[in-house]
Amino acid sequence: MIQPRVKGVYANITPFKKEYRYSLILFDLDGTLTDPAVGITRSVQYALAKFGLQAVPSDLLPFIGPPLQESFQCFYSFDDKQARQAVEYYREYYAGTGLYENAVYPGIGRLLQELRASGKELAVATSKPTCFAEKVLRHFGLDTFFTVIAGSNLDGTRVRKSEVISYALERVTGRNEKFVPVMVGDREHDVIGARESGIDSVAVTYGYGSREELQSAGPTYLVHTVVELGELLGGA
């Protein structure tokens, strides 16, 4: 059931009237388009093992979504140097194996196809490095749906979600076309990044952010399934 935020209160409504629907839709990748839990948690386990630390996969799910260096610092109290090294270890496993330990959420392929068929412009805005995001999307045959695939840089720059969103918007709107943009994601970082970039957001609860986390972040809309997402965006 689609739930918008109106003055801080969530209530049920029908989707937007056609003339107000979004024409440019930015999607997060992990937890929004694909379920990367196996690959990400195994990559984090691999990195932690290099520091003599062990963890079970279920404890590592919070790593899905936020920038990696930030997560190592937050959850394991790593300093900057340790966190950067942990990210390098993470990528050793992820680049060759973890990248493909992933699955597209049911209904996403059809949703993207319908959105494109209805004239929507689609882009990806992810904290994952662009090169990895491109490989994941290409592996699952989703890359052709997107005009722009924007992520972070391997050197640790452009990692904040607002920076990624702004970069994606610049690349799409650089052609001087008028778009009404919205950011779709499953974590508070997506919602906050959208607000900092001056655009609306749709939070999805089928990913890895809790309903409480997402509601506290204050998204424009909150949806629970891919079907509901399609109803809101006009692709179903």
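## Buried or exposed: a starting point

A residue counts as buried when its relative accessible area is under 20%, and as exposed when that value is over 50%. Valine 191 has a relative accessibility of 2%, so this residue counts as buried. With that idea in hand, we can take a tour of the chain, keeping in mind that the model is predicted.

## The chain as a whole

The chain has 236 residues, and 51% of them count as buried. Its secondary structure comes to nine helices and 10 strands. Among contacts between residues at least 6 apart in sequence, 66% join residues at least 24 apart.

How confident is the predictor? The average pLDDT of the chain is 90, and 89% of the residues score at least 70. Among the elements, strand S5 (residues 103–104) has the highest mean pLDDT, 98, while strand S2 (residues 9–10) has the lowest, 35. Over residues 5–19 the pLDDT is below 50, and this stretch has 28 contacts in the model beyond near neighbours in sequence. Where pLDDT is low, the predicted coordinates should not be read in detail.

## The largest pocket

Now for the largest pocket, which holds about 640 Å³ of space. Its lining is made up of 36 residues, and those nearest the centre are Pro67, Leu68, Gln69, Ser127 and Val159. Several elements give two or more residues to this lining: helix H2 (68–76), helix H3 (80–96), strand S6 (121–129), helix H6 (161–173) and helix H7 (188–196).

Which element gives the largest share of the lining? That is H3, with seven residues. By type, the lining residues divide into 14 nonpolar, 11 polar and 11 charged.

## Helix H7 and its cover

Within H7, the residues His189, Asp190, Val191, Gly193 and Ala194 are buried. What covers these buried residues includes H2, H6, strand S8 (181–185), strand S9 (200–204) and helix H8 (211–217).

Valine 191, our opening example, sits in helix H7. Leaving aside neighbours within four places in sequence, valine 191 is in contact with Ser201, Ala203, Ala217, Gly218 and Pro219. Valine 191 and leucine 214 are 23 residues apart along the chain, yet their C-alpha atoms are separated by 7.7 Å. Just after H7 comes glycine 198, with a positive phi of about 80°.

## Aspartate 190, a charged residue inside

Aspartate 190 also has its place in helix H7. Is this residue buried or exposed? With a relative accessible area of 3%, which is under 20%, aspartate 190 is buried. Its side chain joins the side chain of lysine 161 through a polar contact of 2.3 Å. The side chain of aspartate 190 also reaches the backbone nitrogen of aspartate 186, at 3.1 Å.

Beyond the neighbours within four places in sequence, the contacts of aspartate 190 are with Asp28, Lys161, Ile165, Met183 and Gly185.

## Asparagine 102, buried in a loop

The loop between H3 and S5 is where asparagine 102 is found. Asparagine 102 has a relative accessible area of 13%, so it counts as buried. Which side chain does the side chain of asparagine 102 meet in a polar contact? The partner is threonine 34, at 3.2 Å. Leaving aside neighbours within four places in sequence, asparagine 102 is in contact with Thr34, Asp35, Pro36, Val136 and Phe140.

## Two loop residues with positive phi

Serine 77 lies in the loop between H2 and H3. Its phi is near 55°, a positive value in a residue other than glycine. Serine 77 is exposed, because its relative accessible area of 63% is over 50%.

Arginine 158 belongs to the loop between strand S7 (148–152) and H6. The phi of arginine 158 is near 50°, again a positive value in a residue other than glycine.

Notes
Residues are numbered from 1 along each chain as its sequence is written. Side-chain values use heavy atoms; hydrogens and water are left out. pLDDT is the predictor's confidence in each residue, from 0 to 100. Helices (H or I, at least four residues) and strands (E, at least two) are DSSP runs, numbered from the N terminus. Contact means heavy atoms within 4.5 Å. On a 1 Å grid over the protein atoms alone, a cavity is a set of points where a 1.4 Å probe fits but cannot get out, and a pocket is an open set with protein on both sides within 12 Å along at least five of seven lines; lining residues have an atom within 4 Å of a point. Grid points are joined across faces, edges and corners, and a volume is the space filled by probe spheres set on the points. Ala, Val, Leu, Ile, Met, Phe, Trp, Tyr, Cys and Pro count as nonpolar, Asp, Glu, Lys and Arg as charged, and the others, Gly among them, as polar. Buried means under 20% relative accessible area, exposed over 50%, partly exposed in between (1.4 Å probe, protein chains only). A polar contact is a pair of N or O atoms within 3.5 Å; within protein, one must be able to donate a hydrogen and the other to accept it, and residues adjacent in sequence count only if both atoms are side-chain atoms.
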